Amino acid sequence: MPAAVGAADLAPLALSLRVATTATLLAALAGVPLAWLLARRRFAGRGALELLVLLPMVLPPTVLGYYLLLLVGRRAPFGRAVEAVFGRPVVFTPAAAVLATTVAASPFLVRAAQAGFEQVDAAYEDAARTLGRSELSVFFTITVPLAARGILAGAALCFARAMGEFGATLMLAGNIPGRTQTASLAVYDAFEAGDAPRAAWLAGLLSATALAALWLLARAGRRAGA
């Protein structure tokens, strides 16, 4: 640990936790229904949609950040529309860090949740329908609980990826200390500045936090699958 550790040293980790938690919740909100759609429905363009969802997993993070800049940058039509509505740009804000992280980490949740839905025996859902349950009731009381292990595994992977996100966040949110500098960016800054003790301390703290979160989510997944 560095000789003097202040609140400013913990700020990047706190921001990473907020960004990763928000990104994981947003990814679950949009990704779980999408995973169910990909697992249970056959429609035109399904293969293309699946490739599009998984694309951020294989794109270099800086390329992903570049595409996001083309979408929400101050010169982009969508970015200008958002700025006109909210009175401030998206880029170089904590919201931009959340957006970049959500897009980069969501595929991990969608892929694992899709596998979870594919393993659910449709006979249980059919039995619930014969008892008069609505489709929404079947989804929330039968399908999601039976796929919970896959969903939680995906959430764990998504959170871990979000905690370590670097390239897309740097492109879209920048590296502004106290505003958009996440723990990964702070490690890079400390290393570039030759402050090896601070870099090592931040890296260790970030790793321990990610491991603790993974352990908690894995434990929840085992309980859900029990």
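Which residue with a positive phi follows H10? Gly194 follows H10, and its phi is positive, near 80°. The model is a predicted one: local features need pLDDT of at least 70, side-chain atom pairs count only at pLDDT 80 or more, and totals for chains, interfaces and linings use all residues. Residues are numbered from 1 along each chain as its sequence is written, and side-chain values use heavy atoms, with hydrogens and water left out.

- Helices are DSSP runs of H or I with at least four residues, numbered from the N terminus.
- Helix H10 covers residues 183-192, and its buried residues include Ala183, Ser184, Leu185, Ala186 and Ala190.
- Buried stands for under 20% relative accessible area, exposed for over 50%, and partly exposed for what lies in between (1.4 Å probe, protein chains only).
- Phe92 is not a glycine, yet has a positive phi of about 60°.
- The loop between helix H4 (77-86) and helix H5 (94-118) contains Phe92, which is partly exposed at a relative accessible area of 42%.

**Nonpolar surface patch**

- Leu52, Leu55, Met57 and Val58 make a nonpolar surface patch of about 380 Å².
- Patch residues have over 30% relative accessible area and no salt bridge; like charges are joined within 9 Å, and nonpolar side chains (Val, Leu, Ile, Met, Phe, Trp, Tyr) within 5 Å.
- A salt bridge here is a side-chain nitrogen of Lys or Arg within 4 Å of a carboxyl oxygen of Asp or Glu.
- Accessible areas come from the Shrake-Rupley method with a 1.4 Å probe, and for residues only the protein chains shown count as cover.
- Leu55 belongs to helix H2 (residues 46-58) and is partly exposed, with a relative accessible area of 37%.

**Aromatic rings**

- Rings of Phe, Tyr and Trp (its six-membered ring) pair if their centres lie within 6.5 Å; planes under 30 degrees apart are stacked, over 60 edge-to-face, and the rest tilted.
- The count by this rule is five aromatic pairs.
- The ring centres of Tyr66 and Tyr67 are 6.0 Å apart with planes at 50°, so this pair is tilted.
- Tyr66 is partly exposed at 45%, and Tyr67 is partly exposed at 46% relative accessibility.
- One aromatic cluster is formed by Trp36, Phe117, Phe139 and Phe140.

**Glu83**

- Glu83 lies in helix H4.
- Beyond its neighbours within four places in sequence, Glu83 is in contact (heavy atoms within 4.5 Å) with Arg74, Arg88 and Pro89.
- The side chains of Glu83 and Arg74 are joined by a polar contact of 2.7 Å.
- A polar contact is a pair of N or O atoms within 3.5 Å; within protein, one must be able to donate a hydrogen and the other to accept it, and residues adjacent in sequence count only if both atoms are side-chain atoms.

Methods:
Helix = DSSP H or I, 4+ residues; strand = E, 2+ residues; numbered from the N terminus.
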